[in-house]
Protein chains: 2
Amino acid sequence: MTNTPSDRPAIVLLSGGLDSATCLAIAREQSFAPHCVSFDYGQRHRFELDAAAQLATALGAASHRTVTIDPQAFAGSALTTGPAVPKHAPDDEIPPTIPVTYVPARNLVFLAYATGLAEVLGAADIFIGVNAVDYSGYPDCRPEFVEAFAAAANLATKAGVDGGRLNIQTPLIDLTKSEIIVKGVRLGIDYAQTHSCYDPAPDGGACGACDACLLRRRGFEQAGVADPTRYAS
Amino acid sequence: MTNTPSDRPAIVLLSGGLDSATCLAIAREQSFAPHCVSFDYGQRHRFELDAAAQLATALGAASHRTVTIDPQAFAGSALTTGPAVPKHAPDDEIPPTIPVTYVPARNLVFLAYATGLAEVLGAADIFIGVNAVDYSGYPDCRPEFVEAFAAAANLATKAGVDGGRLNIQTPLIDLTKSEIIVKGVRLGIDYAQTHSCYDPAPDGGACGACDACLLRRRGFEQAGVADPTRYAS
């Protein structure tokens with residue numbers, strides 16, 4: 001990772017997971033000054049917020065803030081107030097339908113908030129670690145959503161009206177999970193600091209069997225990288 | 001206003017101002033069951049939140065909630081932490097540039113949140129009282145923004161993926177302020193209950209000189225309707 005000073009502020013959506021950590025490292029590699037934002041929306045896997053704070057420091061963020069989102073809009077998801085997080089056997093296929101862990105309009109809300117923050121901080125770039133290859137089937141991770149959002153955000157803001165351009169950067173969109181891991185290792189990320197599990201044990205250990213754990217575990221296997229995740233079982 | 005029972009839930013963005021109150025009355029007239037949402041985003045004119053709660057009851061909302069939005073994304077606007085709200089003489093032209101009362105990406109954030117809420121409540125319609133005729137020059141009140149947002153929201157959500165459709169309803173978009181007032185009076189709105197001023201006196205009296213007061217006052221004049229606003233001076 002370079003330490004080139006930069007005057008170009010960027011917003012980085014940092015959940016504390018593997019993908020967003022890699023996204024932050026890529027923003028730094030591209031000489032942005034990354035201003036990270038994490039969201040507390042009543043998620044069951046709140047360990048990710050501690051991970052986010054730690055990662056922001058470790059990966060050279062220019063700033064980090066945790067923003068509380070009133071969880072009323074997100075009720076009913078398995079990640080918040082809804083049914084239990086589904087578990088899988090290690091070799092299970094993840095079905096190609098929208099899972100119960102889908103949180104209504106989550107990335108739409110996160111990106112909208114980041115757009116406001118970008119205007120306040122004078123940033124023309126927002127990084128989001130969405131990924132359309134090894135992902136959980138959420139509609140708001142698809143490239144067509146990101147493109148449509150960018151069009152709306154540019155029409156909503158002063159930047160867009162003044163002839164500027166807000167860019168939604170999705171450096172992971174076409175990468176497999178293992179390619180993301182290989183890239184992150186090259187950029188010096190300690191993935192032990194990242195938290196992916198949707199249903200961690202009380203001490204933060206990963207369950208090893210939810211969608212997020214399964215995709216993560218397979219990613220490390222395919223990358224040929226030792227999996228540093230602390231599993232509960 | 002009809003009292004037709006309805007099973008069609010809709011989300012109505014209710015600021016407590018004249019436009020959103022009229023929007024709520026129109027949603028009721030169209031036999032929707034309106035679930036209203038107001039946002040506490042650190043605005044100086046917080047009197048509007050009390051007005052919103054009162055209006056929701058008076059105009060037959062199915063529910064009303066006030067959602068807190070972390071104001072970090074909205075910093076610097078004259079409506080929050082920025083410079084003083086500009087005042088005008090009664091005959092001033094409102095300049096056609098984006099004013100300092102613009103709040104970064106506000107309608108983008110509000111609509112994104114409403115989209116999540118629509119999924120949670122099973123609503124296919126979101127009403128927003130934006131208006132592109134007698135308005136303050138905010139980019140996120142233009143029809144092209146609303147259309148682009150609807151495209152993004154439909155791609156972001158389960159409804160869109162499942163072949164459903166989320167509709168962003170803008171019944172005021174082509175109306176002048178006086179036409180809005182005439183319509184609202186016909187629907188039985190008591191505009192004394194609405195609050196438009198960006199910079200009210202400590203007792204809630206309207207300043208009479210900010211953009212919002214000026215547009216409102218002229219609207220009543222042009223409509224030939226007695227202005228029920230309680231002015232501070």
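## A residue at the contact

Setting aside neighbours within four places in sequence, A:Ala152 is in contact with B:Leu108, B:Phe145, B:Ala148, B:Phe149 and B:Ala152. The model in which these contacts occur is predicted.

A:Ala152 also belongs to the largest nonpolar core, which has 147 residues. The members that touch the most others in that core are A:Leu24, A:Phe149 and A:Ala152, together with B:Leu24, B:Phe149 and B:Ala152. In soluble globular proteins, nonpolar side chains tend to be buried together.

## The contact between the chains

Chain A and chain B each bring 39 residues to the contact. On the side of chain B that touches chain A, two or more residues come from each of strand S3 (63–68), helix H3 (106–121), helix H4 (143–156) and helix H5 (158–161) of chain B. H3(B) gives the most to this side, with ten residues. By type, the residues on the side of chain B that touches chain A are 24 nonpolar, eight polar and seven charged.

## Strands S2 and S3 of chain A

Within chain A, strand S2 (residues 33–40) and strand S3 (residues 63–68) run parallel and are joined by six bridges. A:Asp40 has A:Thr68 in S3(A) as its bridge partner. Between S2(A) and S3(A) the chain passes through helix H2 (residues 47–58) of chain A, in a right-handed β-α-β crossover.

How values were computed: Residues numbered from 1 in each chain as written. Chains lettered and ligands numbered in written order. Predicted model: local features only at pLDDT ≥ 70, side-chain atom pairs only at ≥ 80, totals over all residues. Core = buried A, V, L, I, M, F, W, Y, C linked by C-beta atoms within 7 Å. Buried ≥ 20, exposed ≤ 12 C-beta atoms within 10 Å, placed from the backbone. Contact = placed C-beta atoms within 7 Å. Pairing = 2+ DSSP bridges. Helix = DSSP H or I, 4+ residues; strand = E, 2+ residues; numbered from the N terminus. Right-handed = clockwise from strand over helix to strand, strands pointing away. Nonpolar A, V, L, I, M, F, W, Y, C, P; charged D, E, K, R; others polar.
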